[in-house]
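Here is a short tour of the structure below, arranged by topic. Keep it open beside you as you read the points.

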Amino acid sequence: MTEDYFWGVTLDKTKGTEVWDPDVKSDANESSHVFRGEHTLLVKQAVLGPEVPDGEVNVIEVEAMGYKSDIKFPVVVLKGGSGHSQCVLDLLFPDPPVTFKLVKGNGPIHLLGNHSVGIAGEGMADEEDDDEIDEEFEEEEEEVIEEEKNSVEEKKRKIAANSNSKGGKAAKRPKIDSESN
């Protein structure tokens, strides 16, 4: 199970860099191990502030963990007065830290999204739930197969009974002794 929180940051000339790296320790003396996927960030939108001068280009660059190494790319380019003061994004960052940097322009640019926090031990619970669901499915599947077998056997009996009464194989009839009457 995860808990989702609204997330946002503003980058401008006074604060041009922001690092998303949630504090996962509940106590400063406590040592805790962070598991992959415990915290995720989904950036959904970038909005250019209304005070940005016409023609000023603003660029945000992101540095995050890639598959084999850290990667750094521009992800937002917005121009003041262009009529496009926002853009929809779909940037998922499964692991902190993530660094957002205003590399061109004075901003402000507002980034908005969701910060999801996984509950400790969630992975094991999910696997156990999956195993239970698989077992229930197998049991239901066995019941369906058994019902189908019973249904087929019942149909065979009905067909056999029907063919006997409609001139199929003649049923044996008891002999009647005509001399005894």
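Strand β2 (residues 17–20) runs antiparallel to strand β7 (residues 98–104), and the two pair over four bridges. Strands pair here if DSSP finds at least two bridges between them, and helices (H or I, at least four residues) and strands (E, at least two) are DSSP runs numbered from the N terminus. This is a predicted model, in which local features need pLDDT of at least 70, side-chain atom pairs count only at pLDDT 80 or more, and totals for chains, interfaces and linings use all residues. Residues are numbered from 1 along each chain as its sequence is written, and side-chain values use heavy atoms, with hydrogens and water left out.

**Strand β7 and its partners**
- W20 has V98 of β7 as its bridge partner.
- Strand β4 (residues 57–65) also pairs with β7 in the antiparallel sense, over five bridges.
- Here I60 stands opposite L102 of β7.

**Cis peptide bonds**
- Most peptide bonds are trans.
- The bond from P96 to P97 is cis, with omega near 0 degrees, and P97 sits in the loop between β6 (86–93) and β7.
- G107 and P108 are also joined by a cis peptide bond, with omega about 10 degrees; P108 belongs to the loop between β7 and β8 (109–118).

- You will find E56 in the loop between β3 (39–48) and β4.
- E56 is buried but has no salt bridge, and the nearest side chain of opposite charge, K13, is 8.1 Å away.
- Buried means under 20% relative accessible area, exposed over 50%, and partly exposed in between (1.4 Å probe, protein chains only).
- For charge, Lys and Arg count as positive and Asp and Glu as negative, while His and the chain ends are not counted.
- The E56 side chain makes a polar contact with the side chain of N58 at 3.2 Å; such a contact is a pair of N or O atoms within 3.5 Å, where within protein one must be able to donate a hydrogen and the other to accept it, and residues adjacent in sequence count only if both atoms are side-chain atoms.

**Salt bridges**
- The whole structure holds three salt bridges, each a side-chain nitrogen of Lys or Arg within 4 Å of a carboxyl oxygen of Asp or Glu.
- K15 and E18 form one of them (2.5 Å, N to O), and K15 is partly exposed at 39% relative accessibility.
- E153, E154 and R157 are linked in a network: E153 meets R157 at 4.0 Å, and E154 meets R157 at 2.8 Å.
- E153 and R157 lie four residues apart in helix α1 (residues 122–165), about one turn.
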